Amino acid sequence: LMRVVFKKLMRPLLAGRLTHGISIAVALVIGLLLLKMGSVIGAIFLAMSLMQNWRMLQDVNESPDAKVQRKHSRVRELIEEARAAFEAGEFATATRLAHLARSEPYLSQEELDHIWHLLALAEVRAGHYAEAIRYAERLPQSTDMAAVQAYALQALGDSSRIRRFLASPAAVLLSAERIEQLQDCARLAMQTPHNA
């Protein structure tokens with residue numbers, strides 16, 4: 001019941017730690033009092049409760065949420081370094097750091113989305129258009145990533161890929177003018193001899 005109440009008031013990880021920590025303290029104090037009063041059976045029962053709460057506290061500390069919390073500082077640090085490298089125009093370094101952040105275990109979806117965003121922007125600025133498209137496709141609901149795909153596809157001039165993109169839900173995020181530019185690019189690419 002304590003854990004249910006705590007979960008409503010705070011994060012689940014903290015609620016679990018606090019619940020089992022308080023339970024251990026209470027079991028220890030009451031167990032010692034019962035032992036002092038001569039109730040050995042009561043003290044044994046509370047010692048068992050103490051051990052069970054200790055094991056449950058260890059489980060909480062080894063849960064994926066706890067591991068995520070331990071890893072967050074490293075991931076945030078790498079993302080900040082990648083962003084700083086991107087802003088300094090060091091796109092290869094930004095890409096390398098973003099990949100290092102991506103290799104960290106227990107990433108949250110928000111962190112992963114941020115990494116895909118950084119990778120797509122760094123690769124498009126570096127002129128690696130195919131890679132930029134691959135990363136931008138990971139965020140189909142992002143207007144920025146739709147713009148990255150449009151820019152990269154126009155730079156590549158691949159009419160079949162442009163047509164596929166224009167038929168995708170991501171194209172809806174573009175302005176009518178940008179869609180028209182892509183359609184013109186696809187038509188022009190089809191007319192050139194190497195695409196015939």
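Two residues are in contact here when they have heavy atoms within 4.5 Å. Keep in mind as you look around that this is a predicted model.

**Stop 1: a serine in a helix**

Select Ser 159, which you will find in helix α9, residues 159-166. Is Ser 159 buried or exposed? Buried means under 20% relative accessible area. Ser 159 has a relative accessibility of 9%, so it counts as buried. Now show what surrounds this serine: setting aside neighbours within four places in sequence, Ser 159 has contacts with Ala 186, Ala 189 and Met 190.

**Stop 2: the largest pocket**

To see its lining, select Ile 133, Glu 137, Pro 140, Gln 149, Leu 153, Arg 161, Arg 164, Phe 165, Ser 168 and Ala 170. Two elements, α8 (143-156) and α9, each give two or more residues to this lining. Which of the elements gives the most? That is α9, with three residues.

**Stop 3: the largest nonpolar core**

In soluble globular proteins, nonpolar side chains tend to be buried together. Here, the largest nonpolar core holds 37 residues, and the members that touch the most others are Val 148 and Phe 165. At least two residues of this core come from each of α4 (64-87), α5 (91-102), α6 (109-126), α7 (129-136), α8, α9 and α10 (176-191). The largest share is that of α6, with seven residues.

Centre the view on Val 148 next. Not counting residues up to four places away in sequence, Val 148 touches Ala 120, Leu 121, Val 124, Ala 132 and Ala 136. Then look for another core, apart from the largest one: this core has five residues, including Ile 24, Ala 27, Leu 46 and Leu 57.

**Stop 4: along helix α8**

Finally, select α8 and check its length. With 14 residues at 1.5 Å a residue, α8 should span 20 Å, and its end C-alpha atoms are 20 Å apart, so the two values agree. Which residues of α8 are buried? They are Met 145, Ala 146, Val 148, Gln 149, Ala 150, Ala 152 and Leu 153. Show the helices around them, too: α6, α7, α9 and α10 are among what covers these buried residues.

Definitions and conventions: Residues numbered from 1 in each chain as written. Predicted model: local features only at pLDDT ≥ 70, side-chain atom pairs only at ≥ 80, totals over all residues. Heavy atoms only, no water. Helix = DSSP H or I, 4+ residues; strand = E, 2+ residues; numbered from the N terminus. Buried < 20%, exposed > 50% of the residue type's maximum accessible area, 1.4 Å probe, protein only. 1 Å grid on protein atoms, 1.4 Å probe; cavity = no way out; pocket = protein on both sides within 12 Å on 5 of 7 lines; lining within 4 Å. Core = buried A, V, L, I, M, F, W, Y, C linked by side-chain atoms within 4.5 Å. Expected span 1.5 Å × (residues − 1).
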